[in-house]
Amino acid sequence: MAQLLWLALGLLLASSGAGAVTANYTFTVQSMRINQLCNSTDIIAVNGQLPGPTIDVFEGDEVVVDVINSSPYNLTIHWHGIMQLLTPWADGPSMVTQCPIQPNSSYTYRFNATGQEGTLWWHAHSSFLRATVYGPFIIRPRNGNAYPFPMPDQEVPIVLGEWWSQNVVDVEKDAVMSGQRPIQSDAYTVNGLTGQLYQCANETFTAVVQPNTTVLLRVINAALNTHLFFKVAGHNFTVVAVDACYTANYTTDTLVLAPGNTVDALIFTDAAPGSYYMAVQPHDTLSPSTMDTSDDDSTATAILLYNGTSATATPAMPTMPNNSDTTTANNFYFGLRGLAAAVPSPVDVNMTIELGLGQLPCDTTQTSCAGNSFAAAMNGVSFRLPTQMSLLEAQFNGNPGGVYTADFPDGVPPNGTAMVEGTKVRSLPYNSTVEIVLLNPLAFPAENHPIHLHGFNFFVLAQGLGTFTPGNASAYNLVDPVARNTIALPTGGWAVIRFVANNPGMWFFHCHLDAHVPMGLGMVFAVENGTTPVSMLPPSPADLPMC
C-alpha cells in the first residue's frame, strides 16, 4: 500500500512540472592516468574526465544518474546543494543516507532540480576521492523565465581544484593512521589544469571572449582542504549568486571561496584587447600560522583571451591578496546581501554549536599513531559514522539502536568538559524553524571552517568576529540576508543561521575541509516525518547499496 501511495505521489509531482524533462546521465567511475607536474599519476575520475561531466538542466527537471563503480574503492556521489526534497536516498554521504557503492557495483540516483537555479556541483562523498571525482551542476531558469540580472553573452564554468601527485586515498589513510593532518597538496588547478606557473606545466585552460560583452563565470571551489582567492587581471566582478542563491549585485575585484562554495559572477570585457590571467591562490586561515600546510607560493592560472589576441601573448597578472589576508576574505563574506526574502519566524528550535579542534588518545586501528591523534568536535562530540547500517535506513526502520543516539546537545558544554566520541543526532520536528548560533572560538589551533548543511539552504542572519553576544536579535538582517548551503565560519568568529526543517530525513551538517570529517567535525539532523504523504520519508529504492 505504501509503495502505491508513493507511486501516485511521484506521478503527481512529475505532472506538476510543466515543461520539465528527465535528464539522464551515466557516470563510470574508474582509474585514469594523467600527466601533471612532471609526473604520470593514476587518479579516480568519472568518464575519463577531470573535472567530470557537467550536469546541465532546467529548474524542475528530473535528474537520473547511473553511477557505475569500476574503481577499486567504495564510493558515493553527493549532489552538493541539491535540497533533495523527499529524495533523501539520493543525497549521497556515505553511511549517512546510504551504504557505499562497492567496486563492480552500481546505483541510480534519482531526484528533481526543483525550486533552485544557479551553479552547484557534484562530488564523491567517501574518503579523499573528492579530490578528483567532481564536476559542475548547472540549473537554468525554466523556459520562459529569466535571470534576475542582465542576460550574459557567454558562460564559462571555472572549477577550482587541488592536486596531489600521489594516490589521495593513501594521503588520507596515512593521515588517519598517524593521527596527523594530511600532507599538503602539490598544486591547485583550474578546470583540471595547473596553468603555466608550475614546473612542467604544459596545458592551461583558456577562455576566449569577445570584447565589450558580458561573461558569466560559474566559479566552484572543489578543493579538498583549502580556501581560495580568485582574481582576473584587469577586470572586476559583479557577484549575482552564491551557492545557487541569488544575491544583490556586489562589485569586487576578488572572489573568496571556501571549499564547497560556488559564486556566479559577471565580468564585462571592456579592457584593452589582450591576454589576462585568471589566478588562484590559497587563503590561509589556520591559527597559529606555523601549523598551516598550504603552499603560499602556489598559484594556479587560466587565461582570459580576447578574441583576435595571439595565443602566445604574455598574459597580464593580477595583484593577489596576501595569503593570510582575512580582511579581504571577511569583507567579501560579510558584504554579501541576498534578494528581499521572507525570513521564517518564529523560531521553534534554538541551538548553539561550538566548533573545536583538539586531541584524543590514539585508538587501536591507528597503527602509526603515537600517543594522541588530532580530533575535532561540535559541542564536545567528535562525530563517528556508523559502520553496519546508514543513519537514514535506521531512521526509516524506526530502529536506531546500535546505530545512533538522538542526544546531540543543544548547547556548548561547560569549560573543561572532555571531548567524547559518538554518533549523536539532533531530532527536529517536521516544519520547525531552526536557528543556530555557530561559534568558532580563537583557540589553539583554530581555523576558518566551511560548514555545509545537506538538504537545505539557510539564511545567514548575522556574522562577525570576536565573542557572540546573545540576545541581540535586533542586529539580525531579516530583510535581505544572503542564503547559502555552506558558510565560511571565520577564525575567532561566529554566525547565526536559520532554516525550516521541511524535509524529512538524515541531513549531514559538517565541515567541508575533508581532513576534518574523519576527525569528527560534524553532526546530523534527523528531521521527523510530518502528517501527510508529502511530508513523510519514502521507501528506499530497490537498488540501494547494501553494507
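Ala, Val, Leu, Ile, Met, Phe, Trp, Tyr, Cys and Pro count as nonpolar, Asp, Glu, Lys and Arg as charged, and the others, Gly among them, as polar. Keep that in mind for the exercises below, which use a predicted model.

**Exercise 1.** Describe the second largest pocket: its space, its lining and the element that gives the largest share.

*Solution.* Start with the space, which is about 1300 Å³. Next, take the lining: 49 residues, with E172, V176, L385, V517 and P518 nearest the centre. Then sort by class to find 26 nonpolar, 16 polar and seven charged residues. Finally, look at the elements: α2 gives the largest share, six residues.

**Exercise 2.** Follow helix α2 from the residue that caps its N-terminal end to the glycine just after it.

*Solution.* Begin at N167, where a side-chain oxygen lies 2.7 Å from the backbone nitrogen of V169 and caps the helix. Just after α2, G179 has a positive phi of about 75 degrees.

**Exercise 3.** Decide whether S94 is buried or exposed, and list what S94 touches beyond four places in sequence.

*Solution.* First place S94 in the loop between β5 and β6. Its relative accessibility is 13%, so S94 counts as buried, the cut-off being under 20%. Beyond four places in sequence, S94 touches T76, P100, H125, S126 and L385.

**Exercise 4.** Find the residues with the most contacts inside the largest nonpolar core.

*Solution.* Within this core of 90 residues, pick out L217, F230, L255, I436, F499 and F509. Now zoom in on F509, whose contacts include I353, M378, I436 and F525. Another core lies apart, with 45 residues, among them F27 and L544.

Technical notes:
Residues are numbered from 1 along each chain as its sequence is written. This is a predicted model: local features need pLDDT of at least 70, side-chain atom pairs count only at pLDDT 80 or more; totals for chains, interfaces and linings use all residues. Side-chain values use heavy atoms; hydrogens and water are left out. A polar contact is a pair of N or O atoms within 3.5 Å; within protein, one must be able to donate a hydrogen and the other to accept it, and residues adjacent in sequence count only if both atoms are side-chain atoms. Helices (H or I, at least four residues) and strands (E, at least two) are DSSP runs, numbered from the N terminus. A nonpolar core is a set of buried Ala, Val, Leu, Ile, Met, Phe, Trp, Tyr and Cys residues joined through side-chain atoms within 4.5 Å. Buried means under 20% relative accessible area, exposed over 50%, partly exposed in between (1.4 Å probe, protein chains only). Contact means heavy atoms within 4.5 Å. On a 1 Å grid over the protein atoms alone, a cavity is a set of points where a 1.4 Å probe fits but cannot get out, and a pocket is an open set with protein on both sides within 12 Å along at least five of seven lines; lining residues have an atom within 4 Å of a point. Grid points are joined across faces, edges and corners, and a volume is the space filled by probe spheres set on the points.
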